[in-house]
Amino acid sequence: MTLFWYIFTAKQREMAAPKGNQYYKLAKFTGRPRHFETPKEMWEEFIKYCTWAHANPWMKIEQVKRPTTATHRTPTGRTKTKTTTTIEVPTERPLTYAGMCAFMQLSRRYFNTFKSTQEIKAENGEELAIEFLEVLARMDDIMYSQKVEGAMVGVFNAMIVSSELKMAKYEDVT
């Protein structure tokens, strides 16, 4: 062993906590704080996300069938004509887990871990976890129905929705 390794391990031994310590009792909490303390808080955040999504539609640019021409005079007295060939059309924003997590400032990994943790706790009979799973199921049902209904009426691309919801059936043609 090198001299550096000997000095390094000796310093580590000096800095180590004494055996039998109870430093863990000084911690106010373990891990990071929960984002949702109650299922009601989670539901209210989801409602805020839905409200935001409906208030902020995607703007789709479409070609105008009959272009319009507007003529106006500039301050210098010249005449300018402007022809409009495209317009912005508001389209509904689909509700997605990725969009919801971004709105709530969560990572999708945190949300998936939270969901799986609640499933494990619910199996052990924890009442709060069962309530969280009920809220998660309602959220999932609302997002699912909005996507399917949007695809049925032509608001969303049916192929993309069916692929995302794992409804598409693929056949090997070879």
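These are my notebook entries on a predicted model of a protein chain.

**Ground rules.** I number residues from 1 along each chain as its sequence is written, and side-chain values use heavy atoms, with hydrogens and water left out. Because this is a prediction, local features need pLDDT of at least 70 and side-chain atom pairs count only at pLDDT 80 or more, while totals for chains, interfaces and linings use all residues.

**Confidence.** I started with pLDDT (the predictor's confidence in each residue, from 0 to 100). The chain averages 80, and 78% of the residues score at least 70. Helix α1 (residues 3-15) has the lowest confidence, with a mean of 56, whereas α2 has the highest, at 94. Where pLDDT is low, predicted coordinates should not be read in detail.

**Layout.** I found six helices and two strands, taken as DSSP runs numbered from the N terminus (helices H or I, at least four residues; strands E, at least two). Along the sequence the order is α-α-β-β-α-α-α-α. I also looked at contacts (heavy atoms within 4.5 Å): of those between residues at least 6 apart in sequence, 59% join residues at least 24 apart.

**Inside.** Of the 174 residues, 21% are buried, meaning under 20% relative accessible area, with exposed over 50% and partly exposed in between (1.4 Å probe, protein chains only). Next came the nonpolar cores, sets of buried Ala, Val, Leu, Ile, Met, Phe, Trp, Tyr and Cys residues joined through side-chain atoms within 4.5 Å. The largest has 19 residues, and Met 42, Phe 46, Met 100, Leu 106, Phe 111 and Met 139 touch the most other members. Helices α2 (39-55), α3 (97-104), α4 (108-123) and α5 (127-152) each supply at least two of its residues. A separate core has five residues, including Val 148, Ala 151, Phe 156 and Val 161.

Leaving aside neighbours within four places in sequence, Leu 106 is in contact with His 35, Phe 36, Cys 101 and Phe 111.

**Lys 147.** I asked myself: is Lys 147 buried or exposed? Lys 147 is in helix α5, and its relative accessible area of 5% makes it buried. Beyond neighbours within four places in sequence, Lys 147 is in contact with Leu 95, Thr 96, Phe 156, Val 161, Glu 164 and Leu 165.

**Gln 105.** Most residues other than glycine have a negative phi. Gln 105, not a glycine, has a positive phi of about 60°. Gln 105 sits in the loop between α3 and α4 and counts as exposed because its relative accessibility is 73%.

**Val 153.** My last stop was the loop between α5 and α6 (158-164), where Val 153 lies. Val 153 is exposed, at 64% relative accessible area.
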